[in-house]
Amino acid sequence: MTWLRGKDPDLAATRRAGRTALVMPALFALCNEVLHNPTMASYAAFGSFSMLLLVDYSGPMVERLRAQVALTVAWLVLICLGTLAAPWLWLAVAATVVVGFAVLFAGVVSSVLAGSSTALLLAFVLPVTAPVPLEQLPARLAGAGLAGAVALPAVALLWPRPVADPLSAPAAAVCRAAAGYLRIREALPGPDGPGSDAERCRAGAEHTARTGVELRGVFDATTCRPTGLSATSRALVRLVDQLTWLCGVLVDRSEYTDEPPACDPAAHTVRGAAAHVLEAAYDLLTDLDGDTGPLRTRESDLRAALAGMEHSSTVQVPAEHPGGTSTAEVYGFIATLDVSFRAQEIGFAVLQIAENVDTAATAWQRSWPERLLGLEPGALTAPLAAARERAVAHLEPDSVWLHNSLRGAVGLGIAVFLTGVTGVGHSFWVLLGTLSVLRSNALSTGQNAVRAVLGTVGGSVVGAALLYLIGHHGTALWFVLPVAVLGAGIAPAAISFAAGQAAFTVTLVVLFNIGHDPNWHIALLRVQDIALGCLVSVVVAVFFWPRGARAAVHKALAEAYDDSARYLGDAVDFALGHRTPADPEPQGRMAAAAARRLDDAFRSYLSERGAKPLSLPCATTLVTGVVGLRLAADAVVSLWQGEDLARVQAVRADAHRAVLGSAALVTDWYHDFAAGLGGRTAVPDAVPLRPEGAARLVESVRTELSDGQGRATPVAVRIIWTDDHVDAARRLQPALSEAARAQARTRHRRARQAPADPAGAPGPGVPSAPHGSER
């Protein structure tokens with residue numbers, strides 16, 4: 001058991017396998033031996049295998065049962081489509097391509113659909129590869145319907161999965177670490193303190209950064225985004241970017257001055273209020289059934305503290321001219337608001353986090369009738385709108401998900417065509433071989449093909465040996481079947497992909513020989529069918545996408561930086577230019593869509609087997625940099641949202657031109673950086689501090705944005721904070737430049753070494769990447 005827990009920590013695979021080993025043989029026996037309907041028995045067996053072993057829905061039980069019902073209905077629809085299309089080869093091929101693409105591409109909408117894709121494809125593959133008269137359709141539907149009906153109590157009663165979300169615990173850890181760090185900072189006299197206080201501050205920052213990295217690691221550890229269409233799931237996934245950004249904000253430092261500026265006491269109040277909110281968020285994330293009242297009360301307190309700080313910050317800005325205009329004095333002037341700005345930045349991030357935690361908890365606490373009716377909290381868009389937005393984001397030529405869906409659909413279509421032309425026995429085995437090994441590049445597909453064939457050979461030999469030993473005592477196969485199913489469920493997680501393929505082969509060999517005189521020759525004949533399916537996968541991979549996700553990551557990064565930089569420019573234009581409040585929104589949606597495509601490309605890259613030519617730390621730095629750039633733009637929009645009069649006053653001041661000029665320099669750098677990532681140009685050097693622009697901003701604040709008493713106005717504070725947000729985006733640049741150059745050096749080094757190593761890649765025995773999945 002210790003060994004099994006080491007391979008299957010939460011026993012998820014063992015749970016599914018045990019449940020299926022009980023239900024599948026029982027249904028097969030009922031239909032075959034009691035009802036004497038072999039067709040119904042086959043579909044009941046494969047239906048229960050798919051609905052209990054190939055899927056494992058998470059969330060509250062009512063949501064799992066809804067998903068199981070939806071899966072059953074989808075099975076019935078796909079069986080009808082496959083049965084109707086099967087008699088005509090051209091129609092079967094066309095239907096397979098269309099259905100295959102629809103099923104595979106639908107996974108981008110929800111991790112529930114992505115996790116169900118193999119089960120759904122199996123529902124179509126079974127009937128489309130076995131043409132029968134329409135008189136047999138009711139028996140097929142009855143078998144699948146019986147499997148779906150039994151799956152509901154099985155999921156609810158047979159070792160049910162614990163109700164938990166994989167993101168809740170690591171997100172709660174980040175909230176607790178960030179709150180603790182803010183408590184440390186709240187007690188310090190300035191941005192940094194002397195002696196042991198500084199050590200405590202650094203230790204708190206490092207702990208917060210570590211928890212943020214761990215959260216991102218959990219988020220990136222799956223081959224698809226761990227999000228469904230439920231309100232709770234969507235809210236928790238949005239937390240990941242916001243918490244990543246908060247961690248970056250907390251450990252960031254300005255370059256304005258070496259000495260800590262005088263601190264506005266209101267900034268300490270905001271930090272304390274933000275810590276209170278994060279502590280309440282931690283409580284809710286650890287228990288989503290908890291009371292949301294304390295979180296909402298603390299949110300109100302934080303908003304009030306932010307409003308008070310904005311008002312008090314006006315007296316912190318010295319409107320009178322200082323004794324000189326040196327660079328140090330100019331940046332000293334701006335630094336008077338630095339602590340307040342950082343408190344404002346933290347407060348904005350924490351409010352976004354709190355709203356999502358509140359939404360997640362409110363959705364989690366809905367009653368059964370509300371869940372069944374699909375009633376959503378008001379903070380999120382409707383599920384259909386969210387699904388449409390996610391799908392549209394991937395209807396782009398460079399989308400990894402679109403590439404994989406097209407390749408999978410074409411591969412399945414070719415496999416159906418070959419089975420119809422060659423007339424191989426049990427032709428759906430060819431489709432199973434295609435499904436088993438299709439991956440995102442030719443190299444990893446080839447490795448999977450070798451593993452699949454070897455696993456099938458091993459399973460066929462074991463199956464043939466069993467049949468030979470059993471001889472004419474076919475009844476013994478009923479006792480072997482549950483053991484074979486159990487092995488098919490556990491082997492992929494506990495041993496390897498090839499072992500899982502072998503165990504699955506044994507299961508099918510046993511299943512097809514029950515009720516017949518055992519024939520061990522049939523087991524060995526199945527090897528050629530699997531090999532044909534594997535060959536289809538390799539050929540399709542070579543011609544459709546031989547380079548895989550590595551190149552797609554670079555393209556997705558370039559596109560995400562381009563769109564996010566454009567969004568930041570639009571946000572600053574909206575704040576200080578002549579834009580309407582709705583203008584930044586379309587570009588914000590484009591930036592979010594590009595970020596989703598990047599996320600899926602990065603996941604595909606991590607899940608590909610074989611060597612990883614991109615440095616994981618560097619790639620992660622580049623991916624999270626997109627988050628910081630995009631959320632900086634969100635912060636600018638939020639700072640000026642609903643402040644039409646303030647925006648009019650800002651346009652009249654010369655200060656807005658200084659900030660627009662700084663923003664143009666920063667966003668132009670990101671556009672050049674995107675071109676460098678795409679390999680079109682060299683990666684540019686980071687934009688340095690610009691004293692002349694800062695001096696222009698300071699002069700405008702003193703001369704144009706002061707009241708009758710010589711004090712700065714709230715508009716001046718907002719303009720300086722906007723410039724600070726732009727500067728925060730600029731401070732990301734050195735780390736991004738270094739990461740991009742390190743990636744380029746790695747690529748060049750590998751290119752020089754390639755001739756000395758003709759293989760250029762590991763063989764089939766190379767283990768998966770740390771974040772990959774064998775299934």
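Reader: In which helix does serine 662 lie?

Author: In this predicted model, serine 662 belongs to helix α27, which covers residues 655-677.

Reader: Why does serine 662 count as buried?

Author: Its relative accessibility is 16%, and buried means under 20%, so serine 662 falls on the buried side of that cut-off. If neighbours within four places in sequence are left aside, serine 662 is in contact with Arg690, Asp723 and Val726.

Reader: What makes α2 roughly antiparallel to α3?

Author: Helix α2 (residues 12-34) and helix α3 (residues 38-53) pack at an angle of about 170°, and their axes are 8 Å apart. Angles over 145 degrees count as roughly antiparallel, and therefore α2 is described as roughly antiparallel to α3.

Reader: Which residues meet where α2 packs with α3, and how many of each class does the contact have?

Author: On the α2 side they include Val23, Met24, Leu27 and Phe28, while among those in α3 are Ala44, Ala45, Phe49 and Leu52. By class, the contact of α2 with α3 has 14 nonpolar, 4 polar and 2 charged residues.

Reader: What share of the residues in the protein chain is buried, and how many helices and strands does the chain have?

Author: Of the 775 residues in the protein chain, 55% are buried, and the chain has 30 helices and 0 strands. As for its surface, the protein chain exposes about 30700 Å², with 63% of that area supplied by carbon and sulfur atoms.

Technical notes. Residues numbered from 1 in each chain as written. Predicted model: local features only at pLDDT ≥ 70, side-chain atom pairs only at ≥ 80, totals over all residues. Heavy atoms only, no water. Axes fitted to C-alpha atoms, helices over the stretch in contact; angles between N-to-C directions. Helix = DSSP H or I, 4+ residues; strand = E, 2+ residues; numbered from the N terminus. Parallel < 35°, antiparallel > 145°, perpendicular 65-115°, else oblique. Contact = heavy atoms within 4.5 Å. Nonpolar A, V, L, I, M, F, W, Y, C, P; charged D, E, K, R; others polar. Buried < 20%, exposed > 50% of the residue type's maximum accessible area, 1.4 Å probe, protein only. Areas by Shrake-Rupley, 256 points an atom, 1.4 Å probe, with all protein chains shown as cover.
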